[in-house]
Structures are given as C-alpha cells and as structure tokens.
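Hi there,

Here is the structure I promised to pass on to you. Please open it beside this email and follow along as you read.

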Amino acid sequence: MRHSTGLIKRYFLRAATLLLAALAVPVQAASVEVRGVRVWDGEERTRIVFDLSAPVEHSVFSLENPDRLVIDLENADLASSLGGEISLPLDILPLVRNVRSAPRERDDLRVVFDLAGGTRTKSFLVKPSGDFGHRLVLDLEPTESLQQAQALEPSKSVTDVRPSARPLVVAIDAGHGGKDSGAIGPGGTREKDVALSIARELARQVDAQPGMRAVMIREGDEYLYLSERREKARQHSADIFISIHADAFTDRRARGASVYVVSERGATSMAAELLAERENAADLVGGVSLADKDDVVRSVLVDLSQTATLSASLTVGQRVMDRVASVTRPHKTKVQQAGFIVLKSPDVPSILVETAFISNPSEERKLRDRNHQKRLAAAIVQGVQDHFLANPPPGTLFAAWQGRGDGEAPVHSVSSGETLSGIARQYKVSVNTLRAANGKSNDRLSVGEQLVIPLGT
C-alpha cells in the first residue's frame, strides 16, 4: 500500500510539472483584423480611422526626407475583404500623398503614409459604440512650416479653377447580399440579385452623365454590415447615398414602388450615439471633429447637421419618387420615413428605393426585365439631377453649371427649327441633363427661349 501511495505521488508530481510547463508556454493571441480604413479631411486636421476586430497595441512615429508617418500594429493584419491593400481617396487628402502596408516581423502590420510635409500626430483607441466596433484614430495636423509652404503656392486663375470642379459622387448600395438573400419572389427571384442588377445599371447610367460619378457600395455577392455601407459612402465623400431594394408582403396583390428616408426618431437615436462618446471616431459632422467640443456645442452641431441632412434627403427623395412614378406604379406617392439603419448617416443625404413588390408575381417578372431595370435607373438618375441642379454642393460641376463657383454657365438662344436633342448634340451633353438644367418636364421649345448649357461636360 505504501509502495502504491508513493507511485501515485510520483505520477501526480510529474503530471503537475508537465501542466505547469505547458502553462508557462506563451499562448499566441488571436490576430487583430484591420477591417477598414476611413478618412475625413477637415479645416484643421485630417482624421484617419482604422476599424478593428479588437483593441491593438500600436506605435506611431515620423520620418523625414521624405516626410512619412509610420504606424506599427502588433499582431495584426488586413482583413481579406480589403483585398490585401489599403485604399484611400487621396484626391481629397492634402496632407497624404500615398499609403502602403506590409507585414512586419511576421505577425505585425506596418502602415506607412507618405506626407506632403511635416505634421503633428495624435493617436488614440476608441471602444465599441453603437454600430461601430474597436477603432484606432489618428489626427494629423500640418506644422507651421507646411502651412506656410501651402500658403505660398501660386493662386489659381479662373481657367485653372474650372477643371478642378469635382463630379457629384453618388454612392449606390445594392441591398442584402452574401448570406442575406433578402425577400424571395414566388418565382424564386432573390432580392439581393435584383438589387445588384439594378444598382449596376444605375451606376452605369450615373457614370454616363456629365458631372456625376458612381461609387458601388457592394460590387458583388458579398455580405456587408449596414454600418459598413454608410461608412463606405462617407469614405468616398458621397454627396448622396441610394440604397436599392425590392419590397415584399404576405398579400401577393401588394404592388408599387416607394422611396424612404430615415425617420426623425431614427435620426435622433443616431445623434444620441454620436454624443455618447467624446472621442468617438464617428463624431465627424461636416468635417468638424466633435471630440474637443463641450457637450452643448457638440449637441448643437449634430442637431444642425442632421436637420440639414434630413431635409435634403426628403427633398431628393421626393424628386426621385416623382420620376419613378412615371415609369412604374407607385405604392406611395409621397416619401415615407422609417428607422432604416442604413439611412442614418449624419451628414450624407440618404434614400432607400423599394423598386417594386417582389412578392407580386407580375412585379417580380418586371424586376427581372432588363429594359424595366434601365427605365427605373433612368428615373432615379433624373430625380437626383433634378435635386442637385437646384441645390448643387459647392465645388461640384453642378455648382459650376449654376454659376455658383467656377464661372457662369453659357446660355443658348433657341432658333426656329431647333430641337432639344439637336442642341444637346451641339454642346455634347445628354438630353436628360439639358432638360434637368432648365427645369423642363418635356422637350418642347419656343423661338427665343434661353437654355442654360451645363459646363464641364
């Protein structure tokens, strides 16, 4: 018995030793994913936000000749959805000339920003809040020497300024995708497929219009979080966000198209999220950081921005609804409001178009028809043009056409026998653009009528 007891003790001590040795071996922590990089350029600083899967240990330092900013992220790599590289809209970032990334010491990630000159940098981590997860935020401010160098740059003449007017950026979001099929029609048509087909046609028509550029939020059959869709639009500095969907209802007789904007309650809930965290990287309203403002100022800025955004959403939504109603039966003739998460951007006018009821067999067939998709897309484009020709964002070609920023638009006096299509060909603009620029609902002309001709085409 004594022999057995000693044997048991030796086995126990050996097992305990092995267990302690195993515990002493360091366990490799799970890699942190960089899921996205967003930017915002304001008057005082450029803010760069890394969306992360978890908190990350990091270091930031600057190099000179040439000026660079280096960020090392410990045990991190780029998410597969980024395609192995970080892409930023460099044309709107005066402080950043290029960005590149590469693995460092096998498990770490190094990101290098090539800069226009010396900058002061502040970095901080932000905890999850609302729709946003962990974030690393970098604030870049130009040094006095860089500011002086930029101030000494030669001023541009009128002829220099006109080509710099930018196109209107239209962010197009095909609803659902990937594992989320959306509604399915009685004939098996999936909403995600119809939405993507219409979105691609819409993007094609937007890019064909003078002064407009499309950005596809979902390029293929991929799943994106709703907050990702909003943030991708903001990353591209979109002037409008359009989400394409197909409605469904238990009663197959339900039919017609609708246009939605966010409800006031939905906008209020987003404002509460923005105000909940002082260092929130999403606290950028119209390029103004809220992090260094007191509670009263932050509340006022968010309220003003969201009020203006909601008003613009309602206006452009009604313009689109009016045009869509001319090509398909409307379910509701007035813009509807609901708490759609994807529409809750605080500073980008956003609309959601329910193109038809996919649950209705007749409308399901129309949604699959390419010609019908083209007509729907054309109506949406016309509605967007109607709104922005009347309310052009500063610095865009639409503003130039209205003589608000880069020179007066030329005027054509109609002569006997001329047609709208002929005048459009003469000035190399589309008939739709010429019609929208002059607020015309048809192609009838009268001798002596003055037509504004859009510039920059």
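First, some ground rules. This is a predicted model, in which local features need pLDDT of at least 70, side-chain atom pairs count only at pLDDT 80 or more, and totals for chains, interfaces and linings use all residues. Residues are numbered from 1 along each chain as its sequence is written, and side-chain values use heavy atoms, with hydrogens and water left out.

**Confidence**

pLDDT is the predictor's confidence in each residue, from 0 to 100. The protein chain has a mean pLDDT of 77, with 73% of its residues at 70 or more. Over residues 15–28 the pLDDT is below 50, and this stretch has 2 contacts beyond near neighbours in sequence (contact means heavy atoms within 4.5 Å). Residues 152–164 also stay under 50, with 6 contacts beyond four places in sequence. Where pLDDT is low, the predicted coordinates should not be read in detail.

**An open sheet**

Helices (H or I, at least four residues) and strands (E, at least two) are DSSP runs, numbered from the N terminus. Two strands pair if DSSP finds at least two bridges between them. Here, 4 strands make an open, antiparallel sheet in the order E3-E4-E7-E6. E3 (58–63) and E6 (96–104) are the edge strands with a single partner strand each, so one side of each has no neighbour in the sheet. E6 pairs with E7 (residues 108–115) over 8 bridges, in the antiparallel sense. In this sheet, Arg-100 stands opposite Val-112 in E7.

**A residue in a loop**

Now find Ala-248, in the loop between strands E12 (240–247) and E13 (258–262). Is Ala-248 buried, exposed or partly exposed? Its relative accessible area is 37%, which makes Ala-248 partly exposed (buried means under 20%, exposed over 50%, partly exposed in between, with a 1.4 Å probe and protein chains only). Beyond four places in sequence, Ala-248 is in contact with Ala-183, Phe-357, Ile-358 and Ser-359. Ser-359 is 111 residues away in sequence, yet 4.9 Å away in space, C-alpha to C-alpha.

**Helix H8**

The buried residues of H8 (residues 361–368) are Glu-363, Glu-364 and Leu-367. They span an arc of only 105° around the axis, so they lie on the same side of H8 (the arc is that of the directions from the helix axis to the C-beta atoms). Their cover includes H4 (191–208), E12, E17 (350–357) and H9 (370–390).

Enjoy exploring!
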